[in-house]
Amino acid sequence: MLLIPCPWCGPRDEIEFRYGGAAHVAYPGDPETVDDATWARYLFVRPNPKGPLAERWCHSQGCRRWFNIVRDTATHQITRSYRMGEAP
Amino acid sequence: MSGSEHPDHLWRNPDPKRSYDVVIVGGGGHGLSTAYYLARNHGITNVAVLERGWLAGGNMARNTTVIRSNYLWDESAAIYEHSMKLWETLAEDLDYDILFSQRGVLNLTHSLHDTRETRRRVYANQLNGIDAEWLTPEDIKEFCPIVNLSPDIRYPVMGASLQRRGGIAKHDYVAWAFARQADAFGVDLVQNCEVTGFDLDGGRVTGVQTSRGHIAAEKVALCAAGHSTVLASMVGLDLPIQSHPLQALVSELLEPALNCVAMSNAIHVYVSQAHKGELVMGAGIDAFNSYAQRGSPHIIEHQLAAAVELFPIFSRAHVVRTWGGIVDVSPDASPIVGLTPIENLFVNCGWGTGGFKATPASGWVYAHTIARGEPHQLNAPFSLDRFTRGALIDEHGAAAVAH
């Protein structure tokens, strides 16, 4: 079980949260002009490192706000928690 | 079946040679079956299977051993049914008893939508020549009397599909059987050998760097399930794969109580009783990405609640052990098997929560792809470029494990 530090509410049990996958995935630009490969990469490819991963969580059973954390996918250790709009 | 009396060694434990025709990265079930079919079907025996741990110690040791071919779309039905047919003669082919038991797989439904989708899948299976039946609650009572058919439970059972040819096999024996025969053909099964990099010459792969030295290879075949993106990233290849924990558990040994494999998509549990007597149950994936081979306890709690609701007779059983594997989840819950943009580098991944059942067919088509340099007709639809072309094969329903 993860103990997740919500930047608004402090450390809370994982069951209060909803996972949102990798953070900082940028929209690829004007869909009329990007090619199929770029569009496919945006839709289907996400970072999947064995190590630190910046990811989004939503405190759905608490403050209901989205935020980011950096969590190591090999150890589950969380090293950062920061609000939307803040730099990773 | 002489193999069930275990000799001292089922395979050699060789040091890697300096070069091979084919290097397979990953010594799990799929890697071992690929090596076997490369030798048996294509006469290619100058092959190494490189395994960073011990043979078949990853997902092959951690799955719930369910075998079925009741997938929705034609492409999936064809490859999983090919696998089923291979399972049906596998013990003979490999001369090793793998305890394959075609006891039937029930997929229970709990809502109108669930029922419609499942019946649609029954019809689709029948059109593809795959055995499938629709069971009413009365039929279920007869086939598997311990299912709770009370209308008073939270999500009453409305019916089920049944694939009678589905069942289970002994996962370790399957791996050992493939390993033994591949070894007998001269394939080197190299353990404690982690791939740490690839040699590229222009757009072509020419070898691998490993924790046991450099190995040259005409062709390199990735077969590393949850670690596929770790390997692919070493050559700058993007794979649409996310690695998640998938947990399972067993009870203590019990007298025979459950005569089939029972799965429920909606309230989510899949359970069978192993030959030894323990109940084997699987859960949905943990939502977060992980390589830790463990998940969170609330996933187990959720799945046990479903099991006890559906099978009140299990309520006094004890959980003896839980564990997790790392599954390679693709966007459409279908595998990726085929060529890559890098010449002589092949990829086989994305089997996600359902790879065990595909072990023979995965090796069969992957061996063909590697030997011929082009996909077998069964894996041609499962190419990496389908995500660019938009030709996805969405099997989230038939995958029957919550994603």
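**Chain B as a whole**

Let me begin with overall dimensions: chain B has 403 residues, for which a compact globule would have a radius of gyration near 22 Å, and the chain has 21 Å, which agrees. The radius here is taken over C-alpha atoms, and the globule rule is 2.2 Å times the number of residues to the power 0.38.

Before I go on, please keep in mind that this is a predicted model, in which local features need pLDDT of at least 70 and side-chain atom pairs count only at pLDDT 80 or more, while totals for chains, interfaces and linings use all residues. Residues are numbered from 1 along each chain as its sequence is written, chains are lettered from A and ligands numbered from 1 in the order in which they are written, and side-chain values use heavy atoms, with hydrogens and water left out.

Taken along the principal axes, the C-alpha atoms of chain B fill a box of roughly 65 × 50 × 40 Å. Chain B contains 10 helices and 18 strands, where helices (H or I, at least four residues) and strands (E, at least two) are DSSP runs numbered from the N terminus. Of its 403 residues, 61% count as buried, and by buried I mean under 20% relative accessible area, with exposed being over 50% and partly exposed in between (1.4 Å probe, protein chains only). If we take contacts in chain B between residues at least 6 apart in sequence, 77% of them join residues at least 24 apart, a contact being heavy atoms within 4.5 Å. Chain B exposes about 15,400 Å², and carbon and sulfur atoms supply 50% of that area; accessible areas come from the Shrake-Rupley method with a 1.4 Å probe, and for residues only the protein chains shown count as cover.

Because 10 of its 14 residues are buried, H5(B) is largely enclosed by the rest of the structure; among the buried ones are B:His171, B:Phe178 and B:Arg180. What covers them? The cover of the buried residues of H5(B) includes H1, H2, strand S8 (188–190) and H8 of chain B. Just after this helix, B:Gly186 takes a positive phi of about 105°.

H8(B) can be described in a similar way: its 14 residues should span 20 Å at 1.5 Å a residue, and its end C-alpha atoms are 20 Å apart, which agrees. With 12 of the 14 residues buried, H8(B) is largely enclosed by the rest of the structure, and the buried residues include B:Pro360, B:Trp364 and B:His368. Just after H8(B), B:Gly373 takes a positive phi of about 75°.

**Aromatic rings**

How many aromatic pairs does the structure hold over all chains? There are 20, where rings of Phe, Tyr and Trp (its six-membered ring) pair if their centres lie within 6.5 Å, with planes under 30 degrees apart counting as stacked, over 60 as edge-to-face and the rest as tilted. One of them joins B:Tyr37 and B:Trp364 edge-to-face, at 5.1 Å centre to centre and 65° between the planes. That pair links distant parts of the chain, with B:Tyr37 in helix H1 (residues 29–42) and B:Trp364 in helix H8 (residues 359–372), 327 residues apart. B:Tyr37 counts as buried, at 0% relative accessibility.

A second pair is formed by B:Tyr96 and B:Tyr173, whose ring centres are 6.0 Å apart and whose planes lie at 75°, so this pair is edge-to-face. Here B:Tyr96 sits in the loop between helix H2 (74–94) and strand S4 (105–109), and B:Tyr173 in helix H5 (residues 171–184), 77 residues apart. B:Tyr96 is buried, with a relative accessible area of 0%, whereas B:Tyr173 is partly exposed, with 21%.

**Chain A**

Finally, chain A has 1 helix and 6 strands, which run β-β-β-α-β-β-β from the N terminus on. Buried residues make up 35% of its 88 residues. Ring pairs link A:Phe17, A:Tyr19, A:Trp57, A:Phe67 and B:Phe288 into a cluster.

Key. The expected span of a helix is 1.5 Å times one less than its number of residues.
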